[in-house]
Structures are given as C-alpha cells and as structure tokens.
Amino acid sequence: MSWERKISNTLLRFLRSERRALFLAKWLGKALVFTAPRKDVALVNMRIVFPEMPEAERLEMLRRNYEHLALLGVEALCLQNDPAQVLGWFESIEGGERFDEARSAGKGLILLHAHLGNWELTAAWFAQKGYPIGAVVQHSKKKGQRELIQSMRERVGLRVFDKFSSMKAGVMFLREGGFLGLLPDQHGAPQSPEYLLWGKKTKTFEGPGAFAWFAECPVLPVYSWRVAPFRHRMRVLPPLEVDRSLGRDGFIRAMTQACNGAIEKMVEAVPDQWLWLHRRFRGDY
C-alpha cells in the first residue's frame, strides 16, 4: 500500500464527523496562508484578470482562495465515506432541466467546467444523480497519487478518460448519450494554438470544440461554487452556439474561443474559488 493511500485511509477515519472536517480544513487553510505556495503566480494571474483591482484586495482574495483550496480537499475526502451525501450538499441547480432534457432525448452533453468551486464534487453530483458522467483528466505522473485519485473518482461513480488518449472513446461515449466533463481552463500543450483569454493570447486546449464537432453534441457551460462548508450551488449557462457551416477547423476555432469567453464569465462570477495558483499565462512569470 502506498504512503498516499495510508494517509488517505487515516484521514477518512478522522473525517467521519463534520466538526472534525471543519477543524482540519481550518488548520490546512491557515497553513496555506502562512506558506503561501505560488503566491507570485497567483498575483500575476489576478493582475491580468483584474487589472484595476487594488493590490490589497488581490492579497485578500488570495487569502480566501487558500482557505477555499483547503476546504476543497477536505470535502472531497469526506465524500469518500458516503458518496451519496453530495446530493444534500448542493442547495440549488439553476438550469438543471437541461440535463434531464438531454437524457430523455438520449443525447450526449459536453459539460464545460473550470477548476472553479469544488469541481470534484460537481462530477460526483452528476454520478450520484444517475447521469452517465465521464471526464477527461490528466493523470498525475506519480504512481501513488495517480492510483489514489483514480480510486476516489471511481468511488463516487465518475468514468475517467485520459487526456492524452485517443478521442475515439470520448466521442463514442457522447454519441451513446454520455455527459462528458471538460475543464480546459489550464495552459495548453506545447503544440496547442493560442487563443485570447482576458485579452491575452495563451495556449489553449481545443478539446471541447473537437468533441462537439465529431460527436455533434452541444457544449453546455456549467459551474458550481461553495456558499458555505459542504453547501454548494450550481449554475448552467446557455449552450454555446457556433455555426457548423464554418467547417471542421473553423468550427473548432470558434468554439474554443467561445469556451474561453464562457470561462471568463464563470471565473468573474466566483473569483475567490478559481485555481489561481496555476501558471495559465506562461510568458508572464
């Protein structure tokens, strides 16, 4: 058994009460605020996204973000004790009728999300509601971490597709009526083309556009956010509209840019809960 698994099992026993979970999240949040990992990266990102914001406000937002990240991890671990409890953690689903409409029609959906709110809980909610949910993910290079995270996702009912594998499996999943979650808000691969994000050109994954073209499925922006510990809300935005007469390449380009625009709206709606620590604009650090 890996050391990651041993630590996880110990924490799961400790986190059987919400009181203990909140205590651990508070302690971890303070540790993150004190050590301030990737503080410089986060502040550069914030200056790009919110150029008019006073620096003191950015620092305060970063403090809240560290606390959010600590709680994010604790919530995901707590869920392992009883995945079904995630259904009670979501207070409201705005626009959720689109999910049932798609399932009733036997149609697949591309769920455009971001590393915002607690994205692992969002995926678990779909699985526990009985929706055919899968997600494209990038696995950790460390075997112990990879196996632990994989088992946690399988435990809540999420089907996983490796980001660097063939698109064929994901396309077939969508054509069979599956809901495929994509989080393309991180920096693209070296060969990825550049697209505008908050007015800056940056390498961007074209996955949503490619899946939408080949599977002929709508791209539905979805995001969730925490309103209190173990209390979340979800919002569904209108599907992104792109003319297929643009042809494959033109469609994928237009859809990718539309996805970046939707991600901007999601992050600006809940700025405290985005993953600011990621090096999204590689030429600026």
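## Where α10 meets α11

Let's start with a helix pair: α10 and α11 cross in a right-handed sense. The contact draws on Pro208, Gly209, Ala210, Ala212, Trp213 and Phe214 from α10, while α11 brings Gly247, Arg248, Phe251, Ile252, Met255 and Cys259. Sorted by class, the residues where α10 touches α11 are 9 nonpolar, 2 polar and 1 charged. Keep in mind as you look at these side chains that the model is predicted.

## The geometry of the pair

Two packed helices are described by the angle between their axes and the distance between the axes. Here, helix α10 spans residues 207–215 and helix α11 spans residues 247–269.

Turning to another part of the model, the second largest pocket holds about 250 Å³ of space. It is lined by 14 residues, and those closest to its centre are Arg64, Glu67, His68, Leu71 and Arg226.

Which helices each supply at least two residues of this lining? They are α2 (18–35) and α4 (55–79). Of the elements involved, α2 gives the most to the lining of the second largest pocket, with 6 residues. By class, the lining of this pocket is made up of 6 charged, 5 nonpolar and 3 polar residues.

Terms used
Residues are numbered from 1 along each chain as its sequence is written. This is a predicted model: local features need pLDDT of at least 70, side-chain atom pairs count only at pLDDT 80 or more; totals for chains, interfaces and linings use all residues. Side-chain values use heavy atoms; hydrogens and water are left out. On a 1 Å grid over the protein atoms alone, a cavity is a set of points where a 1.4 Å probe fits but cannot get out, and a pocket is an open set with protein on both sides within 12 Å along at least five of seven lines; lining residues have an atom within 4 Å of a point. Grid points are joined across faces, edges and corners, and a volume is the space filled by probe spheres set on the points. Helices (H or I, at least four residues) and strands (E, at least two) are DSSP runs, numbered from the N terminus. Ala, Val, Leu, Ile, Met, Phe, Trp, Tyr, Cys and Pro count as nonpolar, Asp, Glu, Lys and Arg as charged, and the others, Gly among them, as polar. Axes are lines fitted to C-alpha atoms, for helices over the stretch in contact, and angles run from 0 to 180 degrees between N-to-C directions. A crossing is left-handed if the near helix is turned anticlockwise from the far one by less than a right angle, and right-handed if clockwise. Contact means heavy atoms within 4.5 Å.
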